[in-house]
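Keep the picture in view as you read.

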Amino acid sequence: MDLLATLMRELHFAAAGYRRLELAAPWAISFSQAGLRGIHVVIKGRCEAVFGEEDVEPLDAGDLIIAPRADPHVLRSPGALKSANVPAAELATQTAAGRIRSGGEGEKTVILCGAFDFRDADHPALAGLPRIVHIRGSNGRLPKWLRGYVEALLVEATDEGPGSDVVMARLSGAIVTRALRSGLESMDNPGWLRGLQDPAIARALATLHEAYGHDWTIETLARAVGLSRATFAARFRDLVGEAPMAYLFGCRMRQASRLLHEGKSLGQVAEAVGYSSEAAFSTAFRRHAGVSPGQFRKRRICKAERYWRRPRLALGLCQHYV
């Protein structure tokens, strides 16, 4: 089972939007919209990405960075310490097209800037992601695997047509998945992705995600991956960041939420996620969500109706991020 592919399917890219930025030093742009996760590809020139006050990441042509946790950050021309940060949302309002020009009269830099959003923003895997994934180019060129994606995104960003939001979301998903795969060995935050680095814990995660409804215990999981109960429990908690049964409970409740949203009956949902009765499932779900399954279903329907009355989310991202 490809666990990284499973992760990306479960997170589900809700939407994405991009702009081509043509900048001249000095310049500085802040990205701080809540919940939006950034993708920045340096096509020409160089710049700096700043997370916090002192975490400065130099970027050269061909580099890709992703901010998968939606941490606020600033892109700026090298040494532009005194330049006022222009919010990305303010820049985006200056044009309805996908190309934005800004800055002074100095060194030129071109960046493909994008934002994406996950439908399952509470997935535990997100807590284990680093705040920045940096994939370096080679001699000023993009990595070979990235070039085709960037060319397609540039076309969609500057000449949007019907279905552009879907195309950009799919391309974003592919880029993020490949970038995470490339940088997997360097991730040291506790979480789902770090667990993939340990063969036994990776097998345990695969086992859980293949069968949420099985009557799992710590003992049966430990036996399935060839570890003692104590060793398995300690290693799982250390790598993933929570106890095995707590992780399983979260997985079951997220799966139950999706099934309720799809219109499955209470009995079908209870059976699918490993509960012997509707009453037992309802009690567990209320503990997790704070409302009964029926109330949750009605609330989700209302939210969906309000969503579809709004403009497309991808357009919102373009207007409010860059």
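In this predicted model, the largest nonpolar core holds 53 residues, and L64, I66 and F232 are the ones that touch the most other members. Helix α5, which covers residues 164–183, gives the most to this core: seven of its residues belong there. Apart from this core lies another one, made of 20 residues, including F31, F51, L59 and C113.

Let's stop at F232 for a moment. Which residues does F232 contact once its neighbours within four places in sequence are left aside? Look for I201, A204, I218, L221, A222, V225, L227 and P244.

Next, find two helices that pack against each other: α7, residues 199–210, and α10, residues 244–261. Their axes are 10 Å apart and meet at an angle of about 35°, and the crossing is right-handed. On the α7 side, the contact is made by L205, L208 and H209, while α10 brings Y247, L248 and C251. Five of the residues in this contact are nonpolar, one is polar and none is charged.

Now step back to see the whole protein. You can count 14 helices and eleven strands in it. Of its 322 residues, 49% are buried. Consider the contacts between residues at least 6 apart in sequence: 76% of them join residues at least 24 apart.

Key
Residues numbered from 1 in each chain as written. Predicted model: local features only at pLDDT ≥ 70, side-chain atom pairs only at ≥ 80, totals over all residues. Heavy atoms only, no water. Axes fitted to C-alpha atoms, helices over the stretch in contact; angles between N-to-C directions. Helix = DSSP H or I, 4+ residues; strand = E, 2+ residues; numbered from the N terminus. Left-handed = near helix turned anticlockwise from the far one by under 90°. Contact = heavy atoms within 4.5 Å. Nonpolar A, V, L, I, M, F, W, Y, C, P; charged D, E, K, R; others polar. Core = buried A, V, L, I, M, F, W, Y, C linked by side-chain atoms within 4.5 Å. Buried < 20%, exposed > 50% of the residue type's maximum accessible area, 1.4 Å probe, protein only.
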